[in-house]
Amino acid sequence: MAYVHAEIASQPDCWRQAADLAPTVLDRLPRDGERVAVVGCGTSWFMAKAYAARREATGHGETDAFQASEFPTGRRYDRLLAITRSGTTTEVLDLLAALRGRIPTTVLVGDPASPAVSLADAAVPLPFADERSVVQTRFATTALALLRAQLGDNIDALVADAEVAVRAPLPIDPSLIEQVTFLGRGWTIGLALEAALKCREAATFWAEAYPAMDYRHGPISVAAPGRLVWAFGELPDGLPEDVAATGAAFVHSRTHGVRTVLGRWAAGRNPVDPMADLILAQRFAVALATSRGLDPDAPRHLSRSVVLA
């Protein structure tokens, strides 16, 4: 587990570097008012969803997120932004090639020498966040930190929360849980989807994710003693009580170990940033793998990049 442990722990430093980089690459990133499409595959798609929702909510412009394979090529956008760690994923390369000369394209990429860089109109390399692990953690969140910095989010506060999250006790013992459902609202839906994916990838574990307001429209039926519901960001009214009635455990940044370590609530400060909460979920997934006798650095059926013949 040498790779994934170290990469998860390095996220605060990577996010700090991303915030420092952001002002120097503004000409390559979406401008205010542009109609933007953001694409990725797997984890990168979930970061695209988080950024798209965050960008629209903060008034910077209409933004849609797509899996690279499902991009509607007949739709008009001012810019396409692709997030790709390796820069070699087939679906991303095919899309960049298809859009060349039609839509300005930018890639956020881990490897500055990758094929995606030559296919895009502009590139923002993040080699300091590239990874050796198959399971993505720090590259994807660093890309999101960079984009949030461009939106004006407080990355210093985010980094402070992250520095606690990398060492805080996990909110619950993974060995006691047989199933987990992650929930989010707005931009944190992408984080919830990513947390569930980490549990599936690293630990082959039954994990689901939904918008928090939709959870009571069916998915709550799987909640039960020995199962866990973990929410990111804003909570719908009454949700903790509804989960408690099922006997399932409930985790939220206002109620788990981060609260105790940070002391945020007694001091009346802002809530823990949901991206710091995602670090805890990443660590939870790795601990799940360990408790199940699995190596999260060698996930089943996965490779670092999907390159199709």
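1. Helices here are DSSP runs of H or I, at least four residues long, and strands are runs of E, at least two residues long. The model is a predicted one. On that basis, residues 26-165 are 39% helix and 18% strand.

2. Next, the packing of α2 and α7. Their axes are 9 Å apart, at an angle of about 170 degrees. Angles over 145 degrees count as roughly antiparallel. The two helices are therefore roughly antiparallel to each other.

3. Which residues of α2 meet α7? They are P12, W15, R16 and A19. On the α7 side, the partners are I155, L158, V159, A162 and E163. By class, the contact has seven nonpolar residues, two charged ones and no polar ones.

4. R16 and E163 also form a salt bridge, at 2.5 Å from N to O. R16 lies in helix α2 and E163 in helix α7 (residues 155-165), so the pair ties together parts that are 147 residues apart in sequence.

5. R16 has another salt-bridge partner, D13. Here the closest N and O atoms are 3.7 Å apart. The cut-off for a salt bridge is 4 Å. D13 and R16 both sit in helix α2 (residues 11-21), three residues apart, so about one helical turn separates them. D13 has a relative accessibility of 41%, which makes it partly exposed.

6. A further pair lies within helix α8 (residues 188-203): E194 and K198. They are four residues apart, about one turn of the helix. Their salt bridge has its closest N and O atoms 2.4 Å apart. Are these residues buried or exposed? Both E194 and K198 are buried. Buried means under 20% relative accessible area. D13, at 41%, is partly exposed instead.

7. Finally, the salt bridges across the model. How many does a search of the whole structure find? The count is 17. Some are linked: R54, R148, D153 and D273 belong to a network of salt bridges.

How values were computed. Residues numbered from 1 in each chain as written. Predicted model: local features only at pLDDT ≥ 70, side-chain atom pairs only at ≥ 80, totals over all residues. Heavy atoms only, no water. Salt bridge = Lys/Arg side-chain N within 4 Å of Asp/Glu carboxyl O. Buried < 20%, exposed > 50% of the residue type's maximum accessible area, 1.4 Å probe, protein only. Axes fitted to C-alpha atoms, helices over the stretch in contact; angles between N-to-C directions. Parallel < 35°, antiparallel > 145°, perpendicular 65-115°, else oblique. Contact = heavy atoms within 4.5 Å. Nonpolar A, V, L, I, M, F, W, Y, C, P; charged D, E, K, R; others polar.
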